[in-house]
Amino acid sequence: MLRIWGRANSSNVKKVLWCAEELGLRFERIDAGGAFGLVDGEEFRKMNPNGLVPCIEDDGFVLWESNAIIRYLLARHGDDSTLLPATLEGRASAERWMDWCSFSLSAPFAVLVKHLVRSPPERRDAQAVVPAAASFEASMRIADAELAQSAWFSGESFGIGDIPLGVLVYSWYALPGLERPSLPALEDWQRRLAERPAFLHWVAVPLS
Ligand SMILES: N[C@@H](CCC(=O)N[C@@H](CS)C(=O)NCC(=O)O)C(=O)O
């Protein structure tokens, strides 16, 4: 059976759990990372020398890096059309949003969640929040403009391009103490994601 290592409050783990449930896969999740530790142990480091979650093992095959895991799960357990646009161009466009999410959103999001949610009040740095919030908001305007032209980040249907962004955008809306502009297309997309049971199960949960 598929095994997924990672604490359920990690954004990178949430992507993989959501994707696995969209595919209807049975899996075992093993808490790891953060307060659960395990990631510095010898056994875990043999699987993922980075000591990061998520990491999966599927019928003897080990893989880390959340976007690579999503691509693998679709290819292994779906068919050519599962959560993927039909054309090469459509697929490349959808996958572009996965990489954009990692490279443009992950770093400012980590600052926001650290200083608005996870750190004890005396260790929160309001000054660090300002540039991270501005950077994330600028990216959200780009995402909103895309959704004004395309129903999903994967084209005409929900798919691979919506999963990483779905996690971070939901979390951005859930962060306390942030001012957010009105972004109607982005808000409508979030409402449509909230119709998906797997999104509600793994993503639409309180931040911690
Ligand atoms: N690029 C990696 C990043 C993985 C990553 O940074 N994971 C974080 C959680 S979101 C982690 O393992 N942090 C250490 C910990 O939880 O102990 C991926 O997408 O899988």
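Which ligand atom lies 2.9 Å from a polar side-chain atom of Glu65? A nitrogen atom of the ligand does.

This is a predicted model, in which local features need pLDDT of at least 70 and side-chain atom pairs pLDDT 80 or more, while totals for chains, interfaces and linings use all residues. Residues are numbered from 1 along each chain as its sequence is written, and side-chain values use heavy atoms, without hydrogens and water.

View 1. Glu65 uses a side-chain atom. Gly34 and Val53 use the backbone. A polar backbone atom of Gly34 is 2.8 Å from a ligand oxygen. A polar backbone atom of Val53 is 2.7 Å from a ligand nitrogen. On its own, the ligand has 500 Å² of accessible area, and the protein covers 72% of that (Shrake-Rupley method, 1.4 Å probe).

**View 2. The shell around the ligand.** Residues with a heavy atom within 4 Å include Arg7, Ser10, Asn12, Gly33, Leu52, Pro54 and Ser66. The shell divides into 3 nonpolar, 5 polar and 2 charged residues. Gly counts as polar here, and Glu and Arg as charged.

View 3. The unreviewed UniProt entry gives residues 87-208. Here the chain is 67% helix and 0% strand. The end C-alpha atoms are 38 Å apart.

Terms used:
A polar contact is a pair of N or O atoms within 3.5 Å; within protein, one must be able to donate a hydrogen and the other to accept it, and residues adjacent in sequence count only if both atoms are side-chain atoms. UniProt positions are given in the numbering used here, feature names are shortened, and annotations may be inferred rather than shown by experiment. Helices (H or I, at least four residues) and strands (E, at least two) are DSSP runs, numbered from the N terminus.
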